[in-house]
Structure formats: structure tokens, C-alpha cells
Amino acid sequence: MLCNNTSRHVNHLENNVLTEQVLMKLYTTLITLIATSLLLSACAGGAIEVDAYDYEIVPVEKANVMPTEEELILRKPRVAILPLELLRDQSDISSKLAKSLEPAIRSELESALNEGGNVTLLDRNLAQRLQGALAEYEKKKGETPAAFQQADYLLIGNVDLTAIDNEHKAEAKTSKGKILPGLCITEANVSGVLKVYDILNNTIEDIEEINGRKRNAKEAKACARIDEKVARQYYQQATQDAVEGSNRFLKKLFAPIGYISEKRSNGKDWIFKVRTLGDSMSRYKVVNLYRWEQSRDQLTEEKSKQLLSIGEARVTDQFGEDFIWIQIKDKSIANRIKIGHVVKPVTDSFSVFSLVPTVKL
């Protein structure tokens, strides 16, 4: 009996040791993967290092369609978020709740716009005045309201708080006799549209549909009535989800734009000076290059402009208040670029590392 007990005890100890070894190996592997991921991310976040004085100036032609004086003005677009129109939901939640949610939703939009650092966000008091000016202008037209001179874009939102529902799933038994407890599932959905109004051109620049959801399930024998406090929490989280989904749209729409102003080469690659808000453009790693081309419809004789793609370039570490240098290694692309061609960042290449200040030891 003693031998049997000793044997079982030894087996138990061996199992514990093996378990600890496996856990230690998994832990070490996990730490290695995390460290490698952070290192690769840090390397990918850095801009290409160049020195413009190592490159010689190369003569280059002007584009067929050059940017206007207005387009060459360097400033972040001034954006005002107009008071949002919230449509009441289909449940018995009061309109008082809907009104209390408006500032919270607008705060989410303000955070999304401020995150990229590419716009000047106007305060809420001015936004209210602009809303009144827009309503008056749409009614009577005539001269452009003086208030419009204080902004470049208006963000107009319509948010529909759809019904918040409780669904109860009764206790059930599996085929193996296991009892599954009853569940109360609560879900809130919001949907709507964001419209970006271009004041200068008096047009809707773009429209984006937004959708968000908050869903939660918990064990319960029955579902309690949804009061306003619970509904507010669910709607706030659903609208946060919706705004997070529109982040990509806002970052792309308000990404900085630049224009080619100079070309240089060292015989191996080419760098181009871009007139732009250098600090804003430096936060990206890759840019796309475009050219404007005028065309005429042979059927209607109508003239129009088209923005055509040229290729990609990498952002360098050389930038100032009103410029940044970009690098191209493909000669065929470099030869197609002219003064005045358009530069737009690839918004997926936004680098969070550019927002972290460099610490010198």
C-alpha cells in the first residue's frame, strides 16, 4: 500500500512539474511574440531618413492643371459639428432621454475628429450660429452668410435611436441532461447618416452611413423592465460603436493634401518636395500621387476634371511647417510626376508612433 501511495504521489508531482514546464514555455513564447510584434511595429512606424542636400535639383515641368490660390492656402480645415438631430426610438423611452444623448454623441464625434489632429474643431456656440445661418441660407439663398467665413466644413448628423429590446431565453436541458440557465438578452441599435457640407463650394462633400450596436446577455429567470438609466447606457455605448465605425471615413476625408513643388535625385532614387502642412503629413508613412486631367464629354460637350492616380511614395523624416519630402525608387513613376500634382496620404498608413514624443537620453 505504501508503494502504491508513493507511486501516486510521484506521478502527481511529475504532472505538476510537467504542467509548470508547459506553462513556462507558453509564457516565454507569448512574451517573445509580444516583444517581436512591438519591435516590428516600432520599426515600421519610422519615416525614411534622407538628406535633401545629398540630392541634386532636377528640372521638372508643370502639370496641365495647376492648383488654385485657394487650394494652396496652408491651414487645417475648420470644422463645426452642428447640433445633431436625434429621432426618437420606437420604444417607450422618453424624448427627454434622446435630448440628453445629443451632447454625448457629439462628444464622440469631436474625439474622432481631434484624434487625427488634421482639423481645427470649432466650438459648440459657433456651431449653433452656423446651423441657424445654414437654415436661413437654404430658405432664402441670396448672399453667403457672414458666419460662413468662420468655417470650411459643417458636419451634419441625423441619428435614429431604434428600439431597445429585451429577449428572454428560457432554461433548457441539453441532450446529455445538462441544464442551461435562462438568459436575458438586451440589445440597442442606432443608425444614421453623417453629411459633410463644403461651405466654399456650397455642396455636400460626402455622406456616410453609421451603424452601432450594444448587446449584452446575462443569466436571469426573467427580463426586468428597461428604465431610462439602462437605456441611456446602452444607447451611449451603441453610438460610441457607431462613431468608431465612422472614424475611417473622417480620417480619410480630412487627411492633409499637398502639391508637388520640387524634384531632386541622387542617381538611385528621387525625392519630391511637397507643399503641405508638414506636421500633419508626417504622421503617415505612405502617400498616393495624382494628377488632374480635364476632359470633355463628346456627347454632351460638358467639361469636367478627373483625378487620376500616378503611384505611391514613402514619407521621409524631412519636413517643416509648410513642406515635407517624399521618396520614390521607381523611375517610371518619378518621371511622370510634375509640379502641381496632388499628394494625399494613405490613411491606413497612419503611424501612432509619430504622435509619441522622442525621448533623448
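Trainee: What is the relative accessibility of Lys338, and how does this residue count?
Mentor: Lys338 has 25% relative accessibility and counts as partly exposed. Buried means under 20% relative accessible area, exposed means over 50%, and partly exposed lies in between (1.4 Å probe, protein chains only). Please note that this is a predicted model, in which local features need pLDDT of at least 70 and side-chain atom pairs count only at pLDDT 80 or more, whereas totals for chains, interfaces and linings use all residues. Residues are numbered from 1 along each chain as its sequence is written, and side-chain values use heavy atoms, with hydrogens and water left out.

Trainee: With which residue does Lys338 form a salt bridge?
Mentor: The partner of Lys338 is Glu61, and their closest N and O atoms are 3.6 Å apart. A salt bridge here is a side-chain nitrogen of Lys or Arg within 4 Å of a carboxyl oxygen of Asp or Glu.

Trainee: Is Asp269 buried or exposed?
Mentor: Asp269 is buried, at 6% relative accessible area, whereas Lys329 is exposed at 61%.

Trainee: Turning to the strands, how do β13 and β14 pair?
Mentor: Strands β13 (residues 286–296) and β14 (residues 303–320) are antiparallel, with eleven bridges between them. Two strands pair if DSSP finds at least two bridges between them. Lys303 in β14 is the bridge partner of Arg296.

Trainee: Which side chain meets that of Glu301 in a salt bridge?
Mentor: It is the side chain of Arg296, at 3.4 Å from N to O. Glu301 is partly exposed at 46%, and Arg296 is exposed at 54%.

Trainee: What other strand pairs with β13?
Mentor: β13 also pairs with β16 (residues 342–345), in the antiparallel sense over four bridges. There, Val287 has Pro345 in β16 as its bridge partner.

Trainee: Now the aromatics: which rings form a cluster?
Mentor: Ring pairs link Tyr137, Phe148 and Tyr197. Rings of Phe, Tyr and Trp (its six-membered ring) pair if their centres lie within 6.5 Å; planes under 30 degrees apart count as stacked, over 60 as edge-to-face and the rest as tilted. The search finds three aromatic pairs. Tyr137 and Phe148 have ring centres 5.9 Å apart and planes at 65°, so this pair is edge-to-face. Phe148 and Tyr197 are also edge-to-face, at 6.5 Å between centres and 65° between planes. Phe148 lies in the loop between α3 and β5 and Tyr197 in strand β9, so their pair ties together parts 49 residues apart in sequence.

Trainee: Is Phe148 buried or exposed?
Mentor: Phe148 is buried, with a relative accessible area of 3%; Tyr137 is buried as well, at 11%.

Trainee: Finally, how many residues has the largest nonpolar core?
Mentor: That core has 32 residues, and Leu113, Leu161, Tyr235 and Phe254 have the most contacts inside it. A nonpolar core is a set of buried Ala, Val, Leu, Ile, Met, Phe, Trp, Tyr and Cys residues joined through side-chain atoms within 4.5 Å. The largest share, eight residues, comes from α4.

Trainee: Which residues does Leu113 touch?
Mentor: Leaving out residues up to four places away in sequence, Leu113 touches Val79, Ile81, Val119, Leu121, Leu155, Leu250 and Phe254. Contact means heavy atoms within 4.5 Å. Another core, of 18 residues, lies apart from this one and includes Val274, Val287, Ile333 and Ile339.

Notes. Helices (H or I, at least four residues) and strands (E, at least two) are DSSP runs, numbered from the N terminus.
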